[in-house]
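Please open the structure in your viewer and keep the sequence panel beside it. The stops below say what to select next and what is to be found there.

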Amino acid sequence: MDNRKALESLIHITNCNFGYVPSTPTEFNQLALAIKQKTDSKISLATIKRLWGYVRYDQNPTLTTLNVLCKYNDFKDWETFIADISLDSANVNASSGFLDHKVINANSLNLGDRLHLKWQDSKECELEYIAYLKFKVLYARNIKLEQNDICTLHSVSVGLPLFISNIQRGSMIIPAYIGAKKGGVQSIEILDRPDVLVNNETQELLED
């Protein structure tokens, strides 16, 4: 993957973690503050506006800027991000040019449905669909999510990372969580619909 596409992917992941796509000076300032609070490093408001296309920008961002943005998204640095995103792209391209058959959109679920997600290193979680795009963590193993966390999840797919935002943990709000960065989610099961199973072998959803 070339650097331009990698940067576009990094910005997309940042939008997912931040919770929305910033488009106004106030929202860009909020993003800058979120980056500073999480990483203890600063990306200037002007640089963020350029990266997001709000202000014309014909030059490449500095490695320092890229490293800070990667750190905000829980990657060690830009080099690590490039390696991880290239692996994910290779996995996607090897399996299919279309993802519809292995994507579960939250708005297609019924209230009370539970998702059981697994990925490498014995990491897994169980999420209950409680409101529009909202889930409650019922169970979490070897990951940073905790039981009873309330979070936003738009969709999840086998072979791709898990993006969760707006995590409410008691009185604390956590901007976002990225899981399965290496190799992606390995299996998805809708527990209240036992005939629906998505994994690396089946790669498909079965109709009710």
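**A tour from a hairpin to a buried loop**

Begin by selecting Ser122, which is partly exposed because its relative accessible area is 43%, where buried means under 20% relative accessible area, exposed over 50% and partly exposed in between, with a 1.4 Å probe and protein chains only. Before moving on, note that this is a predicted model, in which local features need pLDDT of at least 70 and side-chain atom pairs count only at pLDDT 80 or more, while totals for chains, interfaces and linings use all residues. Residues are numbered from 1 along each chain as its sequence is written, and side-chain values use heavy atoms, with hydrogens and water left out.

Ser122 sits in the loop between strand 2 and strand 3, where helices (H or I, at least four residues) and strands (E, at least two) are DSSP runs numbered from the N terminus. Its phi is near 60°, a positive value in a residue other than glycine. Most residues other than glycine have a negative phi. Select Asp121 as well, for it takes a positive phi near 65° in this hairpin, which has three residues between the strands.

Now show strand 2 and strand 3 together: they run antiparallel and are joined by six bridges, two strands being counted as paired if DSSP finds at least two bridges between them. Within this pairing, His116 has Glu126 of strand 3 as its bridge partner. Strand 2 also pairs with strand 9, again in the antiparallel sense, over four bridges, and there Leu115 stands opposite Ile190.

Which residues touch the most other members of the largest nonpolar core? Select Leu115, Leu117, Phe135, Leu162 and Ile164, which hold that place among its 26 residues; a nonpolar core is a set of buried Ala, Val, Leu, Ile, Met, Phe, Trp, Tyr and Cys residues joined through side-chain atoms within 4.5 Å. Two or more residues each come from strand 2 (114-119), strand 3 (123-131), strand 4 (134-141), strand 7 (162-169) and strand 9 (187-190). Apart from this core lies another, of 25 residues, with Phe28, Leu31, Leu51 and Leu69 among them. Centre the view on Phe135 and, not counting residues up to four places away in sequence, look for the residues that it touches (heavy atoms within 4.5 Å), including Ala106, Leu109, Leu115, Leu127 and Cys151.

In strand 7, select Asn166, which has a positive phi of about 50° although it is not a glycine. Asn166 is partly exposed, because its relative accessible area is 33%.

For the cysteines, a search of the whole structure finds zero disulfides, that is, pairs of cysteine sulfur atoms within 2.5 Å. Cys125 is in no disulfide, and the nearest cysteine sulfur, that of Cys151, is 8.1 Å away. Cys125 is buried, with a relative accessible area of 0%, and Cys70 is likewise buried, with a value of 0%.

The last stop is Asn73, in the loop between helix 4 (63-72) and helix 5 (78-95). Is Asn73 buried or exposed? Asn73 counts as buried, because its relative accessibility is 0%. Leaving aside its neighbours within four places in sequence, Asn73 is in contact with Leu10, Ile13, Thr14, Asn17, Ile178 and Lys181.

Finally, zoom out to the whole protein, whose secondary structure comes to five helices and 10 strands, and of whose 208 residues 42% count as buried.
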